[in-house]
Amino acid sequence: MAAISKRKFDVVIVGAGGSGMRASLQLARAGLNVAVLSKVFPTRSHTVAAQGGIGASLGNMNEDNWHYHFYDTVKGSDWLGDQDAIEFMCREAPKVVYDLEHMGMPFDRNPDGTIYQRPFGGHTANYGEKAVERACAAADRTGHAMLHTLYQQNVKAKTTFFVEWMAQDLIMDADGECVGVTAIEMETGELHIFEAKTTLLATGGAGRIFAASTNAFINTGDGLGMAARAGIALEDMEFWQFHPTGVAGAGVLLTEGCRGEGAILLNSNGERFMERYAPTLKDLAPRDFVSRCMDQEIKEGRGCGPKKDYIHLKLDHLGADTIHKRLPSVYEIGHNFANVDITKEPIPVVPTIHYQMGGIPTNINGQVVTQKNGQDNAVVGGLYAVGECSCVSVHGANRLGTNSLLDLLVFGRAAGNHIVEHHNKTKSHKALPAEAADLTNARLARLDSAKDGEYAQTVANDIRDTMQLHAGVFRTQASLDEGVKKVAALRERVNAIGLKDNSKVFNTARIEALEVDNLIESAQATIMSAAARKESRGAHSVADYDDTPEFPNGRNDKEWHKHSLWYKDGNRLSYKGVQMKPLTVESVPLKTRTF
């Protein structure tokens, strides 16, 4: 076997989306030698698809402060979010937005020059009393503007990008510390070793484990797969957010900014039904709640269309000028994906898989943590994770809209600062183990030897169909239990994937097959964690446990107010407590969620 090429950096970041580039910017500006690996060109990362805004209590439109944002996030999480991390994020929010503004991000403006803010689901003033404008927006292309701003700043800071490279496995030493990653250059198919004092995973979500998803095709849970294969747990993977307004039949997202600007949901009777379910917040209730209400309307026969299988989102009353100014992408999506002119008629929408709340467990500095020697949060040396692939946990059982872009910025910056602070204490790289590339080589050899194996995309599609059927927006215990068996059988098929005639197959076939290795870890973590959680909480809604006298809203705080941890080794689960104590303020005590 030919010698494997090695490269050495202070820090290797896997993923060039919002969190990866926010971290790399801190590091490059501090003079560290940083490599950022990305499967796609950085400005094509999935952050580019975020539309609605960044949540921060600037108070530019109405009175607001971080205490209200903190309360909304705890409540939105259905009390599964860790309150110390939530306080940290909400307090840092204005600072990271102003940082972006100073970098040149083109936010929409008010007449007085301040950043324009729009209302968003679950954003309230005075602890749930009334809706408040908190989403800092650049029309409905906020993620696009943010990603381009961060990329230009990284170019200026001389960050080194490796574009169209796919990281494969973490390199762990005998002490259980991370000393780098293996990665494949997608153009050549060659394997390389990236040696680093610090490795940071910023690989985004795994939304492509579902058949109907707003996620890009690159979102295959690569960081989750790498962590799972290295023996690190995946936390709270049963919690997947369904965005209420995906275009029916297309899986393309329509931002919550539509409802923030005043759009309303209507059933087949032309009724604004959210007023019945959430009298205070109406169409701006949190996403899990709105998704369930929509599903209820459809189930009870009030869906729209010939099959009564979708809901109408009405925007025409906002006026064409407002739509073209504030929601230009939504106008284009309506035209391209639904053949609808939203300035004149409603657009059909259904809840669509959107965001994972779970991921790789970390602390507020972005350091990956694990259960070790009786500790729930023992730090894994040399390894950090930020963004959607991580679980801090600020989102708990349901993410509040605009907290995703905020999460990227706050914890990308925090991880960058922490790495810089500790960099000078780490004088040299730890030695690479002799078997540094063995795990990756074994995976590659398996593909090359199984020439008569299954086609990767056939197995991937079966994973997606299985997860959609058994772990969708509404779940039952029987369906989840059946899903556990089906996913276990799919894992056997993943192990039998092969490349038909390797000499003639372009490298995309190999990349797709390697992505399926990551899909199966994310899928099995999700279905195992979901089947085990015997309650309804946030986005995890199980019909068997809905709203009994003993458990209002289906939540069982006595048994299930805890985080799930799934380990690949033994396909097993363990649990840890929720951090109810914030950093400086009073805890928000458990109570029933109403809107």
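Predicted model: local features only at pLDDT ≥ 70, side-chain atom pairs only at ≥ 80, totals over all residues.

Phe210 and Trp240 are both buried. The structure holds 16 aromatic pairs. In one of them, the ring centres of Phe210 and Trp240 are 5.3 Å apart and the planes stand at 65 degrees, so the pair is edge-to-face; the cut-off for that class is over 60 degrees. Phe210 belongs to the loop between strand S9 (190–201) and helix H5 (222–229), whereas Trp240 belongs to strand S11 (residues 240–247), so this pair ties together parts that are 30 residues apart in sequence.

Another pair is formed by Phe162 and Trp165, both of which are buried. Their ring centres lie 5.4 Å apart with the planes at 80 degrees, and the pair is therefore edge-to-face. Ring pairs also link Phe162 and Trp165 with Phe9 and Phe194 into a cluster. Aromatic rings take part in contacts with charged groups as well. Arg326 lies over the face of Tyr116, at 3.6 Å from the ring centre, and Arg399 lies over the face of Tyr355, at 4.2 Å from the ring centre.

The charged side chains may be considered next. Side chains of opposite charge can pair when their charged atoms come close. The structure holds 47 salt bridges. One of them joins Arg533 to Glu238, with the closest N and O atoms 2.6 Å apart.

Glu297 and Arg302 meet through their side chains at 2.8 Å, N to O, and both residues are buried. Lys344 forms a salt bridge with Asp341, the closest N and O atoms being 3.9 Å apart. Lys344 has a relative accessibility of 64% and therefore counts as exposed, the cut-off being over 50%.

The loop between H15 and H16 also holds Ser541. Is Ser541 buried or exposed? Its relative accessibility is 1%, so Ser541 counts as buried. His317 is found in the loop between strand S13 (311–314) and helix H9 (320–326). With a relative accessible area of 41%, His317 is partly exposed. Apart from neighbours within four places in sequence, His317 is in contact with Gly262, Ala263 and Ile264. His317 and Glu297 are 20 residues apart in sequence, and their C-alpha atoms are 23 Å apart in space.

Among the helices, H3 (residues 83–103) has 21 residues, which at 1.5 Å a residue should span 30 Å; the C-alpha atoms at its ends are 30 Å apart, in agreement with that expectation. Just after H3, Gly104 takes a positive phi of about 105 degrees. Helix H13 (residues 456–470) has 15 residues and reaches 21 Å from its first C-alpha to its last, close to the 21 Å expected. The buried residues of H13 include Val459, Ile463, Arg464 and Met467, and what covers the buried residues of this helix includes helix H14 (477–494) and H15.

Some backbone details remain. Val392 and Ser393 are joined by a cis peptide bond with omega of about 10 degrees, and Ser393 is found in the loop between strand S18 (390–391) and helix H11 (403–423). Thr402 is also in the loop between S18 and H11. Its phi is near 80 degrees, a positive value in a residue other than glycine, and Thr402 is buried, with a relative accessible area of 3%. Asp236 likewise has a positive phi, of about 55 degrees, although it is not a glycine. Asp236 lies in the loop between S10 and S11 and is buried, with a relative accessible area of 0%.

Conventions:
Residues numbered from 1 in each chain as written. Heavy atoms only, no water. Helix = DSSP H or I, 4+ residues; strand = E, 2+ residues; numbered from the N terminus. Expected span 1.5 Å × (residues − 1). Phe/Tyr/Trp six-rings, centres within 6.5 Å; stacked < 30°, edge-to-face > 60°. Buried < 20%, exposed > 50% of the residue type's maximum accessible area, 1.4 Å probe, protein only. Lys NZ or Arg CZ within 6 Å of the ring centre and 35° of its normal. Salt bridge = Lys/Arg side-chain N within 4 Å of Asp/Glu carboxyl O. Contact = heavy atoms within 4.5 Å.
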